[in-house]
Amino acid sequence: MALPSIANLEACNDELLATCDELTRAEIEAHLKLLEEKYQSLKLAEGKEKIAALIASWQDHLKQPEKLILLAKGGPSFVNLRVKVPQLRLVINGPGMLFESFKLISSLSSEMGFNLKNLAALADSFRVSVLCAHGGRQNIEAKVESDRTGGYLSLSCGPMSMYQSEMLLSSKSGESFEELLERHLFARLDEADKQVAVVGFSLVGESHHHGGMEMVWIASEELQPERHHLSHHESQQEAVGEPHGHS
Amino acid sequence: MDIRKSALELSNQERHDFLKALIMLKNTEAFVGADYSLYDQFVALHLAVMEVSYPENQESINGGHWNIGFCPWHREYLRRFELALQQMVPGVTLPYWDWAKNRAIMKELFHDDFMGKLTHAQQLSGRRWWPKDLDSGFFRHSMPLSEAPDWWPEQALGWRIPRPLQSVRYPSSYPNAGRLNATLHRGFLEGLSWPPDEADLDELVHLHVSGTGYHHFWYFWYRLEQGSNMHNTAHNLIGGHMSTGASPNDPIFWLHHANVDRLWALWQSHQIKDHGGNLINHYPQQGDLAPWSDKPAPRGHYLDDLMWPWLGQATSSAVNEDIKTMLPDYSQEAPRRVRDVLDIEALGYRYQLN
């Protein structure tokens, strides 16, 4: 069956939007599927942009309940993970400049269940993505690591920015983070011991005031996005588009 | 008195005058033979203020961001830019982007006949996303004469970003890398905590946190610059150049910051009306400490501090050498202090009431 034209899709979209509060999740998903099929079938950039905008407007209606936490200079750096929602949105000011990384900490010992196996199971139960204007939506790996004090779960901030990015921690199953923690870490504990948080670590050992020229994005199919701590002088010396390693 | 209007309220003539002034400033050499323009000098200023060194300070200072001086520094910066636009087209003023009127303003602003499209990031090799260059509208790299509007200034070429002011770089193997590397980029991002609604902004302009032992302006600045749907978020929303220190490359910067300035002006007037005092009382004095550190704000952020680069002749400072060569010389002008910019009407403008 031929897909409808963009004009028909837009008209149909407007009609649906007028009654969107009454639509079921399944109906919205079906409409999104149609839009996505249309998006895939189009070759013209202009048409694709229109459809992308329609898709985005509908994705808003499928948003999960979430809790928003602002991490900023003078703001909190401690995010309680024991929340009754399946999604946490961390608004990060100065990712890679003010905040360097995030680490999951708890009040639990390994004897109480805070071990690498359980941490890995917890890490596998949610997705982490970063919304950053330098690279769109990027997935971030929740890494389970250990040092001399024990195991922990760490998250990088994603691309560096002097302004802001948003990190989404989303439960894969739709369960709340409290339920995920209950299943993977708290199964045998008293209420008073159930403390788990994500803590932001600030950048140290380097001026955090800069924000201008030290970051240059290199678009390359071969390279991962890199954060380049280049002085302007160094960046001037580089040939345009030459592959870069970490400086 | 200059009146700054919402971008939604501009007449066709006002919109064309504003665009013409932007294009003319962008296409006017900073001096005869310069390979950068008067407009580019403003971009260079924004980059340079991020890292200012004074002989007495060990660490470089951001004179215009990440602390209270964010508000006054940008007020002075915008007013100077507005006066520069008026040198190109007399009477033109900066419109503002009223964030809360999201649906209407996004439709009104972001199309080829005004501030250009909101291009989404492009996907390369199926995995990575990159900001995309603007390839249509008035802010594309080259404007074909056949498409230029009546008001398009003679000799104006297009919107080109000099190399020291770039922030996105394509490899030379990429098709049209040279043009792409000198072109304005955007990477519109869906799904952010945007926009604020009228209630958010009303709460902001009435915000008065007291009884903490710290000056109440700090809490207003904190929310305005760094809040979850405020200044920083809009930079992230537009993406590309707007999400870097070279953000004024994108002319939407000026409309965005005019709104930031408007919100500060509204907050100032509400503070005086609701809590008494004068403009000076509602800005931290020398010796008032930051609530998160109990330390003073950096130099340039307090009421009687000189704001870089408007330091007059007496103060020495240093910035990145490559950018420095692009900056205007302000040494012969009277120095500018934070207290000089608290009153917008004394600066010669106000905002049109909705």
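1. The buried residues of α2(B) are covered by elements that include α1, α3 and α10 (321–324) of chain B. Helices (H or I, at least four residues) and strands (E, at least two) are DSSP runs, numbered from the N terminus. Contact here requires that the C-beta atoms of two residues, placed from the backbone, lie within 7 Å.

2. This is a predicted model, in which local features need pLDDT of at least 70 and side-chain atom pairs count only at pLDDT 80 or more, while totals for chains, interfaces and linings use all residues. Residues are numbered from 1 along each chain as its sequence is written, and chains are lettered from A and ligands numbered from 1 in the order in which they are written.

3. Helix α2 (residues 38–48) of chain B has ten of its eleven residues buried, so the rest of the structure largely encloses it. A residue is buried if 20 or more other C-beta atoms lie within 10 Å of its own, exposed if 12 or fewer, and partly exposed in between, with C-beta atoms placed from the backbone. The buried residues of α2(B) include B:Tyr39, B:Asp40, B:Phe42 and B:His46.

4. Two of the covering helices also meet each other: the axes of α1 (residues 12–26) and α3 (residues 70–88) of chain B come within 8 Å and cross at roughly 95°. Axes are lines fitted to C-alpha atoms, for helices over the stretch in contact, and angles run from 0 to 180 degrees between N-to-C directions. The pair α1(B) and α3(B) is therefore roughly perpendicular (under 35 degrees counts as roughly parallel, over 145 as roughly antiparallel, 65 to 115 as roughly perpendicular and the rest as oblique).

5. Which residues in α1(B) and α3(B) meet? B:Ala21, B:Leu22, B:Met24 and B:Leu25 in α1(B) meet B:Ala84, B:Leu85 and B:Met88 in α3(B). This contact has seven nonpolar, no polar and no charged residues (Ala, Val, Leu, Ile, Met, Phe, Trp, Tyr, Cys and Pro count as nonpolar, Asp, Glu, Lys and Arg as charged, and the others, Gly among them, as polar).

6. Helix α3 of chain B also holds B:Cys71, which counts as buried because 26 C-beta neighbours lie inside 10 Å. Leaving aside residues up to four places away in sequence, B:Cys71 touches B:Trp221 and B:Trp264. Its C-alpha atom is separated by 25 Å from that of B:Pro55, 16 residues apart along the chain.

7. Chain B comprises eleven helices and seven strands, and 50% of its 354 residues are buried. Its C-alpha trace spans about 60 × 45 × 45 Å along the principal axes. Among contacts in chain B between residues at least 6 apart in sequence, 68% join residues at least 24 apart.

8. Chain A comprises six helices and eleven strands, and 32% of its 247 residues are buried. Five strands of chain A form an open antiparallel sheet in the order β2-β10-β4-β8-β7, where strands pair if DSSP finds at least two bridges between them. Strands β4 (residues 99–106) and β8 (residues 150–156) of chain A are joined by four bridges, and A:Leu104 stands opposite A:Leu153 in β8(A). Helix α4 (residues 116–123) of chain A packs on the sheet, touching β7 and β8 of chain A, and its direction makes about 155° with that of β7(A).
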